[in-house]
Amino acid sequence: MKKKVLLMGKSGSGKTSMRSIIFANYIARDTRRLGATIDVEHSHVRFLGNLVLNLWDCGGQEAFMENYFASQRDNIFRNVEVLIYVFDVESRELEKDMHYYQSCLEAILQNSPDAKIFCLIHKMDLVAEDQRDIIFREREADLKRLSLPLECTCFRTSIWDETLYRAWSSIVYMLIPNVQALESSLRQFANIVDADEVLLFERATFLVISYCQRKPHRDVHRFEKVSNIIKQFKLSCSKLAAQFQSMEVRNSAFAAYIDMFTSNTYVMVCMSDPQIPSEVTLINIRNARKHFE
Ligand code: GTP
């Protein structure tokens, strides 16, 4: 099942950077070396078994953009499942950015009217912390208004923190076929092992694709934080030519297990019952694998 994902936005807004971090194991610092994308760069990312994301990273220099809307229009905008439009929050040419965005929406409306649309207000790290909320709300309201009759979902992102993972997890979540079945299996598993929470990560990207929460937790951003931390750790392991397999973090009141699960996923199981020994939970994880393959 192939899904075409268009990644668009003006040159330098950060499209190739985010793609390289999420899908190609770059760290944020490495993206400074990326050159401008010439025309369109295609990549196929195998995700969860039979779901393949067909990413079209569309170089944002004006000459290319004009081409997408004219001679390449059908080719680019046909059969699009998802449009991800990246805005540089610090751009000095807001009006021009909006103009290109609207041209893009027009082409989508003609060629792929059912496509889902996401706008990323990117490079948020460059905005003072106390201004981030205000600026994001403003931009979001403008974009929603300008997108009509289409609907767009907005995220604030930066390659320098975990917000990038939150946005991409939400996007990918919407593309997973049969996600309800996955969620109900996960709930069943969490109940059986009596976990506070169970998370399922996609194996290559460490994006959270499903979770079951049985006890409240005060940090609503914990998923993307864990994605970010484990991804960094996994990259450190690969520098030592070692493969990340599993991890156990515990104190006297709590234990979390991260373990390879199916051929496409890692699982994280959080337990707060100190009576249950690690071995039991690890055996439970092992036994659950076949039900999720
Ligand atoms: P084209 O290929 O020309 O369309 O550009 P692009 O949108 O692919 O931009 P690219 O990913 O090459 O990024 C341009 C520069 O922005 C790089 O130097 C990145 O390091 C930087 N950058 C990307 N994301 C962020 C971010 O979240 N914050 C900051 N401060 N810089 C970023």
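Is arginine 214 buried, partly exposed or exposed, and at what relative accessibility? Arginine 214 counts as partly exposed, at 32% relative accessibility; on this scale buried means under 20% relative accessible area, exposed means over 50%, and partly exposed is what lies in between, with a 1.4 Å probe and protein chains only. The model is a predicted one, so to speak of local features takes a pLDDT of at least 70 and side-chain atom pairs count only at pLDDT 80 or more, while totals for chains, interfaces and linings use all residues. Residues are numbered from 1 along each chain as its sequence is written, and side-chain values use heavy atoms, with hydrogens and water left out.

To start with the sheet: six strands make up an open sheet with mixed pairing, in the order 2-3-1-4-5-6. Strands here are DSSP runs of E with at least two residues, helices are runs of H or I with at least four, and both are numbered from the N terminus; two strands pair if DSSP finds at least two bridges between them. Strand 2 (40–47) and strand 6 (152–156) sit at the edges with a single partner strand each, so one side of each has no neighbour in the sheet. From one strand to the next, the twist averages 20° (axes are lines fitted to C-alpha atoms, for helices over the stretch in contact, and angles run from 0 to 180 degrees between N-to-C directions). Strand 5 (residues 116–122) and strand 6 run parallel and are joined by five bridges. Isoleucine 121 has arginine 156, in strand 6, as its bridge partner.

Next come the charged pairs. Side chains of opposite charge can pair when their charged atoms come close. With a salt bridge taken as a side-chain nitrogen of Lys or Arg within 4 Å of a carboxyl oxygen of Asp or Glu, the count comes to 16. One of these joins glutamate 62 and lysine 96, at 2.6 Å from N to O. That pair links distant parts of the chain, 34 residues apart, with glutamate 62 in helix 2 (residues 62–69) and lysine 96 in helix 4 (residues 94–111). Both ends are partly exposed: glutamate 62 has a relative accessible area of 39%, and lysine 96 has 34%. The two also belong to a network of salt bridges that links Lys10, Glu62, Glu93 and Lys96.

Another salt bridge brings together the side chains of lysine 123 and aspartate 88, 3.7 Å from N to O. Lysine 123 lies in the loop between strand 5 and helix 5 (129–147) and aspartate 88 in strand 4 (residues 80–88), so this pair ties together parts 35 residues apart in sequence. Lysine 123 is partly exposed at 22% relative accessibility, whereas aspartate 88 is buried at 12%.

Back to arginine 214, which forms a salt bridge with aspartate 194, the closest N and O atoms being 3.2 Å apart. Aspartate 194 is in the loop between helix 7 (179–193) and strand 7 (197–202), and arginine 214 is in the loop between strand 8 (208–213) and helix 8 (222–239), so the pair ties together parts 20 residues apart in sequence. Aspartate 194 is partly exposed too, with a relative accessible area of 38%.

As for the cysteines, the whole structure holds zero disulfides, a disulfide being a pair of cysteine sulfur atoms within 2.5 Å. For cysteine 58, the nearest cysteine sulfur is that of cysteine 104, 7.9 Å away. Cysteine 58 is buried, with a relative accessible area of 1%. For cysteine 270, the nearest cysteine sulfur belongs to cysteine 212, 11 Å away. Cysteine 270 is likewise buried, with a relative accessible area of 6%.
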